[in-house]
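Open your viewer and keep the selection panel handy. We will go from whole chains down to single residues, one stop at a time.

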Amino acid sequence: MYHNRLLLLGALCLAAVAAYLFTGVKGSLEFALMFRGKKLLALLLIGAAQGVAAVMFQTISGNRLLTPALMGFDALYVLILSAAVVVLGAPAYQQLDPGLLMLVNATLMSGAAVALFGLLLRKSAADMMRMLLTGVVLAVMLRSITGLLQRVIDPSEYAVVQAASYARFSRAETDLLGLSAALCLGALVLAWRMRHRLDVLALGPVAATSLGEPPLRGQRGALLLISILVAVSTALVGPVAFFGLLVSALTYLVLPTHRHAILLPGAALIAGLVLVGGQWALERVFAFATPLSVVVDFLGGLVFLLLLLKGVNR
Amino acid sequence: MSRPALGLLLLCLLFVGSLFVGATPLVPADLLTAEAWALIRDSRLPRAFAVVLSGAALAIAGQIMQLIARNRFVEPMTAGTGQSAMLGLLLVSLLMPGAEIGVKMALAALAALLGSLGFFAITRRLPPQEPLLVPLVGIVYGGVIGSTAVYIAFQIDLLQYLDIWMTGEFSGTMRGRYELLWVAGGVAALSYLVADQFSILGLGEAVSLNLGLNYRQVVLSGLVVISVVTGLTVVTVGAIPFVGLVVPNLVSRIAGDNLRRSLPLTAMAGAALVLASDIFARLVVHPFEVPVATVIGMIGAALFLWMLYGRGQHVS
């Protein structure tokens, strides 16, 4: 069931990867491969992280419109980062090992996310519109607090934070690649092992409980994995508002199933395809100067509107 | 003392206080020197007026939009009107760079009007039993228009302009550079003349028609007020979110929905909120300042969440 489609997606993804690596090379292929290889790896990691996080979040919230980014996960990450710079000061902050910093950030964020969003999921899971609105407004608030902190610090400190606050697929931070890959793969493996539990959780808290799957524990575990995945992707490229939504919508379009054994790898592949293919098309085919994130946000916003209106009329 | 008088007193205090806050130190004792007067005339007084005018006008625009949409959770800045104004302004700067400032403003307001017409065209199709869907659609609709503007600005290297329009702040307000806000304030004040008609709008189309209201005409005039206020505010000081959302809600909780009574209160409360936020924005990193939109983003979002979850649950 749908395995053929997964294989097809994999093949398309490979084709995009090959196109990205080998087209338009001027000069030494070896150098280009080394340079592009890192970026490619970053793009694939981000794609897998965002896609899987979005699908998991939609499962535990029982809502196909929610994504971690819409609920302000990445805003939380940037806020923690800015707060760290303000508290420590830029010199002390920059002397810290970036890998360690990312780990600490990811830990803090997981704690905050589980506390905050876990509470939200429990309190208002029944009223989906209220929850969505809360998430959107919460994201605005987190961004405003971050904005305030960033204005309060001086310019040299600001430069440290700035890198994390804007999405840029073409200039992913490749220094942290090794650690990010390890974290991300670890989280992805755990997510994969949760796939059957996610299937059960998707039935809703009542059915899950009667099937012997405590929903609260599952939610918490999933939220933990989601915040690690989002933290990694935000550390690499910065916040991307509608990307997760675009990917999950495409995933459910291509793979109309409820089985996470299919959905999770499908989402990762589609996200990789969109990112690598999109980056390739923008860079080499159209020679656009526009960042991919702007295009993705635009398309994702449209998809969101369509889903909202369609979901209402159904 | 009655509530309006109390509000007016508070507003006056804030207004006078704001004259003495800024990078250049100024205490009341200095007032006798010519320099101090020049400072007040050229910078402090225009700034205070700009803050009061935009706060009051935005609050009124928000109130009218909520009545037309019959939904307490919408406001122009987040529902596409502000973003449309930016997009229109961007297109005007691109296509007719030499146009007079008045023409630019008019076209920005026109774009804002088209944007709000589009918003209402979408919301009319939403089911009435899902009131929270309307603001959500508005936010995303605004986001899509905004990202179109970002795309165009990126292509023609005007991203910096857009940044200025997107985060409202008053630091650049001087004599000669804010006067258009009087027009926004004037338009908002004019809406008081048709306050009764707007109140009836809030009862819905069927009731309005039944009461003999020219529904379309009143809606259209409301949209014009919203668009002019939003367009002019975006152009002169940039977008200020949440004022049009939070203030009308808080005021209607105290004073009810009869605009003839509540509209002056709404205007005063809007002005006071922006004024207080602006004073805070100037003090928090004195002698520098943070954009007022950032401060209001925090306060407004907190108030909004409180409205959503706190005592205000009955409104949704």
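**Before you start**

This is a predicted model, in which local features need pLDDT of at least 70 and side-chain atom pairs count only at pLDDT 80 or more, while totals for chains, interfaces and linings use all residues. Residues are numbered from 1 along each chain as its sequence is written, and chains are lettered from A and ligands numbered from 1 in the order in which they are written.

**Stop 1: chain A**

Select chain A and switch to cartoon. Buried residues make up 46% of the 314 residues in chain A. Here a residue is buried if 20 or more other C-beta atoms lie within 10 Å of its own, exposed if 12 or fewer, and partly exposed in between, with C-beta atoms placed from the backbone.

Of the contacts in chain A between residues at least 6 apart in sequence, 84% join residues at least 24 apart. Two residues are in contact if their C-beta atoms, placed from the backbone, lie within 7 Å.

**Stop 2: chain B**

Now select chain B, with its 13 helices and zero strands. Its radius of gyration is 19 Å, close to the 20 Å that the globule rule gives for 316 residues, so chain B is as compact as a globular protein of that length. The radius is taken over C-alpha atoms, and the globule rule is 2.2 Å times the number of residues to the power 0.38. Along its principal axes, the C-alpha trace of chain B spans about 60 × 55 × 35 Å. Buried residues account for 50% of the 316 residues in chain B.

**Stop 3: where the chains meet**

Show both chains together. In the contact, 26 residues of chain A touch 31 residues of chain B. On the chain A side, select α6 (128–152) and α14 (292–313), the elements that give two or more residues to this surface. The largest share, 15 residues, comes from α6(A). By class, this side of chain A has 18 nonpolar, five polar and three charged residues. Ala, Val, Leu, Ile, Met, Phe, Trp, Tyr, Cys and Pro count as nonpolar, Asp, Glu, Lys and Arg as charged, and the others, Gly among them, as polar.

**Stop 4: a helix pair in chain B**

Select residues 180–190 (α7) and 215–236 (α10) of chain B. These helices pack at an angle of about 160°, with their axes 9 Å apart. That makes α7(B) roughly antiparallel to α10(B). Axes are lines fitted to C-alpha atoms, for helices over the stretch in contact, and angles run from 0 to 180 degrees between N-to-C directions; under 35 degrees counts as roughly parallel, over 145 as roughly antiparallel, 65 to 115 as roughly perpendicular and the rest as oblique.

Show side chains next: the α7(B) residues in this contact include Leu180(B), Val183(B) and Val187(B), and those from α10(B) include Val225(B), Val229(B) and Leu232(B). The contact of α7(B) with α10(B) has ten nonpolar, two polar and no charged residues.

**Stop 5: a helix pair in chain A**

Go to residues 243–254 (α12) and 260–285 (α13) of chain A, which pack at about 120° with their axes 9 Å apart. α12(A) and α13(A) are therefore oblique to each other. Among the residues that meet are Leu246(A) and Leu250(A) from α12(A), with Ala267(A) and Ile270(A) from α13(A). This contact divides into nine nonpolar, three polar and no charged residues.

**Stop 6**

Select Leu45(A), in helix α2 (residues 29–61) of chain A. Leu45(A) is buried, with 26 other C-beta atoms within 10 Å. Leaving aside neighbours within four places in sequence, Leu45(A) is in contact with Ser180(A), Ala181(A), Cys184(A) and Leu236(A).

For the last two, look at the backbone. Most residues other than glycine have a negative phi. Arg70(B) has a positive phi of about 50° although it is not a glycine, and lies in the loop between α2 (34–69) and α3 (81–95) of chain B. Phe242(B) also has a positive phi, near 75°, and sits in the loop between α10 and α11 (243–255) of chain B.

Key: Helices (H or I, at least four residues) and strands (E, at least two) are DSSP runs, numbered from the N terminus.
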